[in-house]
Amino acid sequence: MDIKARSLSEEKVKTKYLFSPFIIYLILFYGFWIGWVYLIYPHMQELGTTTLVYALANLVTRLLLWVIPVFLYLRYIDHVDPIAYLKLNQYWKRGMLIGLALSVLNFLGMLLRFGPPHPSIQYVTWNGVLNTSILIGFFEEIPFRGFILQKLQEKFPFWLSNLLSSLLFLGIHLPGWILLHTLTWSNVISIFVLGSIFAIIFYYSKSLWSSIITHSLNDFLSSVLFHIS
């Protein structure tokens, strides 16, 4: 076997070795999340979904199940700098500007489609502002675009990785929708499309901040200002 062939063979073995823990991560991530949704979340609702305690409990849950495992995986399994891998320190100014510019365009599009926003105090809750608006991009973009999408790209082309990560993004929403009886084709299509768009934004901007900001402001506009989700 020549040097080039040996190098390619070693690279395939290395890729397979690095991808196996990722599959285990996905199984554990979805397993723990489904368990939390069905076993713990119904009791959390007893705190009152508009209270600060409920919002903080949701925040801690997202950090423990969605964000911290990604940082631990990258640090101790892949042995890379999590901040650098997730592209949180790369082109961050450009990423923020792109996120803000796209959010302005998104706002103008909603304005044309739905008319003037009609904010209501009913939608301004601790959880609505913190977890499903301001911080939602941080909680969801780190695992799905920053981590899962990029791990898939180590094995597949971008567009296939985008498809798979968007399906996984859709899948993580299903347990909550089923529990709350809010599963509709409209929700399924919109979440899949948004996941694909956020992936494209991240891929071309090369900064996770662009998709974090676009994601957070999209959810703020749709849930708090325009009440369309």
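Student: Is Y73 buried or exposed?

Tutor: Buried means under 20% relative accessible area, exposed over 50%, and partly exposed in between (1.4 Å probe, protein chains only). Y73 has 4% relative accessibility, so Y73 counts as buried. Y25, at 8%, is buried as well. The model is predicted: local features need pLDDT of at least 70, side-chain atom pairs count only at pLDDT 80 or more, and totals for chains, interfaces and linings use all residues. Residues are numbered from 1 along each chain as its sequence is written, and side-chain values use heavy atoms, with hydrogens and water left out.

Student: How is a pair of aromatic rings described?

Tutor: A pair of aromatic rings is described by the distance of the centres and the angle of the planes. Rings of Phe, Tyr and Trp (its six-membered ring) pair if their centres lie within 6.5 Å; planes under 30 degrees apart count as stacked, over 60 as edge-to-face and the rest as tilted. The structure holds 21 aromatic pairs. One of them joins Y25 and Y73, edge-to-face, with 6.0 Å centre to centre and 70° between the planes. This pair links helix α1, which holds Y25, to helix α2, which holds Y73, 48 residues apart; helices (H or I, at least four residues) are DSSP runs, numbered from the N terminus.

Student: Why is the pair of Y25 and F147 edge-to-face?

Tutor: The ring centres of Y25 and F147 are 5.0 Å apart and the planes stand at 90°, so the pair is edge-to-face. Because Y25 lies in helix α1 and F147 in helix α6 (residues 136–153), the pair ties together parts 122 residues apart in sequence. F147 is buried, with a relative accessible area of 0%.

Key:
Helices (H or I, at least four residues) and strands (E, at least two) are DSSP runs, numbered from the N terminus.
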